[in-house]
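Please find below a note on the model, arranged as numbered points. The sequence and coordinates are shown first.

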Amino acid sequence: MSNNDISRRHFLTQATWAGAGLLAGPSVLAGINAQQNPTDKEKRRLGTLEVSALGLGCMSMAGVYNAPQPKNEMVAVIRAAVEQGVTFFDTAEVYGPHYSEEIVGEGLRPFRAQVIIATKFGFDTTSGARGGRNSRPEHIRQALEGSLKRLQTDVIDLYYLHRLDPQVPVEDVAGTVKDLIKEGKVRHFGLSEVAPDTIRRAHAVQKVTALQSEYSLIERVMEHGILSTCEELGIGFVPWGPVNRGFLTGRFDQNTRFEPSNRNSQLPYLTPDALKTNIKLLDLVRKWSKEKGITPAQFSLAWLQAQKPWIVPIPGTTNPGHLKENLGANNVTFTADELKDFRTAMETIKLVGVRTPDTLLKDQ
Ligand SMILES: NC(=O)c1ccc[n+]([C@@H]2O[C@H](COP(=O)([O-])OP(=O)(O)OC[C@H]3O[C@@H](n4cnc5c(N)ncnc54)[C@H](OP(=O)(O)O)[C@@H]3O)[C@@H](O)[C@H]2O)c1
């Protein structure tokens, strides 16, 4: 696909939304989630921000589930994603630190005007290593300058608070991002892994465009009051870990054991004991995927998309084949009966190692 094709597609979708009166200003924001077309798999809206129906998570390009990957290969994965219609790319200052942003900046340089770059602040990376939480206003400004440089851009489309700093009231964080928006350095504000009360307090100062928190068929705690808060406030939702770090793709089984250096080794739902039970959910996903003629990864991603039209998963991959497979989720639809029957079957499985609803009351 050429840059022109991408621009044309973007223009046509913009025109459609404008025709439907959906590109209006903040006065219509509260109801914007309700106005979306639930079957739209080409473009979706997070608040007022239009993105592709699936994004690309670029964290593991810098390590985490694997060794840091060669830059030229990851630039190629990012450009392949653009060619296949992805316009939404997710990174963070702390991934690497810095290396993921460098890859994303290089990968998207030729396409900057057509894509949405989301990055995150909230940790101290000034020493070159991952430090503690830091969201003091002066630190946010310093972090932003570094991210702009590495991402080779003069504006961040979506700037998330990665984790709340207990020393800094969220109102001060929202106020700082509000000033950065006024200065033209940031376009939209996002939050990650915060409680409903924190979302409301931040949103009262600066409208929140998207909340990014963990949500997948395995980890569904967001259904206990977070998604409804987003719906009420017109905030989009971006599930991270949407294929449960690989588990829902079928690449692990009950005998899988992770090296201590792999982040998966620390996850309560992937311990040897938890795997014995949680594999039942994967078996159910495999059965349904087979009936629908799709892969478990596609089923898992399309299921998330089917929950709400303002949900945009960001599966992470370093592999061009996995990227192509995951994007196949955009062609998968569910009937209302299928969604109901699958949920009934899924809810009979008592998962091990997942979060309980009371954990949502605390910022993570
Ligand atoms: N806000 C936050 O606190 C937070 C936390 C974590 C992540 N994130 C963001 O969310 C993104 C996604 O989350 P995640 O990476 O933690 O989890 P994920 O997307 O659920 O899983 C990524 C893992 O799954 C594998 N995978 C993906 N598609 C596959 C396929 N079709 N077949 C086989 N394996 C497949 C990847 O390996 P391969 O590379 O081999 O494909 C990778 O190891 C991250 O990249 C990051 O941008 C945000």
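1. By class, the shell around the ligand comprises 14 polar, 9 nonpolar and 5 charged residues; Ala, Val, Leu, Ile, Met, Phe, Trp, Tyr, Cys and Pro are counted as nonpolar, Asp, Glu, Lys and Arg as charged, and the others, Gly among them, as polar. In total 28 residues surround the ligand, and the closest are Gly 57, Met 59, Trp 240, Gly 316 and Thr 317; a residue is near the molecule if its C-beta atom, placed from the backbone, lies within 6 Å of it. Helix 10 (residues 320–327) gives the most to this shell, with 3 residues.

2. This is a predicted model, in which local features need pLDDT of at least 70 and side-chain atom pairs count only at pLDDT 80 or more, whereas totals for chains, interfaces and linings use all residues. Residues are numbered from 1 along each chain as its sequence is written.

3. The protein has 11 helices and 9 strands, taken as DSSP runs numbered from the N terminus (helices H or I, at least four residues; strands E, at least two). Of its 364 residues, 45% are buried; a buried residue has 20 or more other C-beta atoms within 10 Å of its own, an exposed one 12 or fewer, and a partly exposed one a number in between, with C-beta atoms placed from the backbone. Among contacts with a separation of 6 or more, 77% join residues 24 or more positions apart, a contact being a pair of C-beta atoms, placed from the backbone, within 7 Å.

4. The largest nonpolar core has 91 residues, of which Ile 78, Phe 89 and Ile 117 touch the most other members; such a core is a set of buried Ala, Val, Leu, Ile, Met, Phe, Trp, Tyr and Cys residues joined through C-beta atoms within 7 Å. Helix 9 gives the most to this core, with 7 residues. Leaving out residues up to four places away in sequence, the contacts of Phe 89 include Ile 78, Val 104, Leu 108 and Ile 117.

5. Helix 8 (residues 272–292) has 21 residues and reaches 30 Å from its first C-alpha to its last, close to the 30 Å expected, that is, 1.5 Å times one less than its number of residues. Gly 293, with a positive phi near 70°, follows helix 8.

6. Most residues other than glycine have a negative phi, and most peptide bonds are trans. Gly 96 and Pro 97 are joined by a cis peptide bond with omega about -10°; Pro 97 is in the loop between strand 4 (88–90) and helix 3 (99–108). Gln 152 has a positive phi of about 55° and is partly exposed because 16 other C-beta atoms lie within 10 Å. For Arg 245, phi is also positive, near 55°, but this residue is buried because 26 other C-beta atoms lie within 10 Å.

7. Which residues is Val 64 in contact with, leaving aside its neighbours within four places in sequence? They are Met 59 and Arg 263. Val 64 is found in the loop between strand 3 (56–57) and helix 2 (71–83).

Definitions and conventions:
Two residues are in contact if their C-beta atoms, placed from the backbone, lie within 7 Å.
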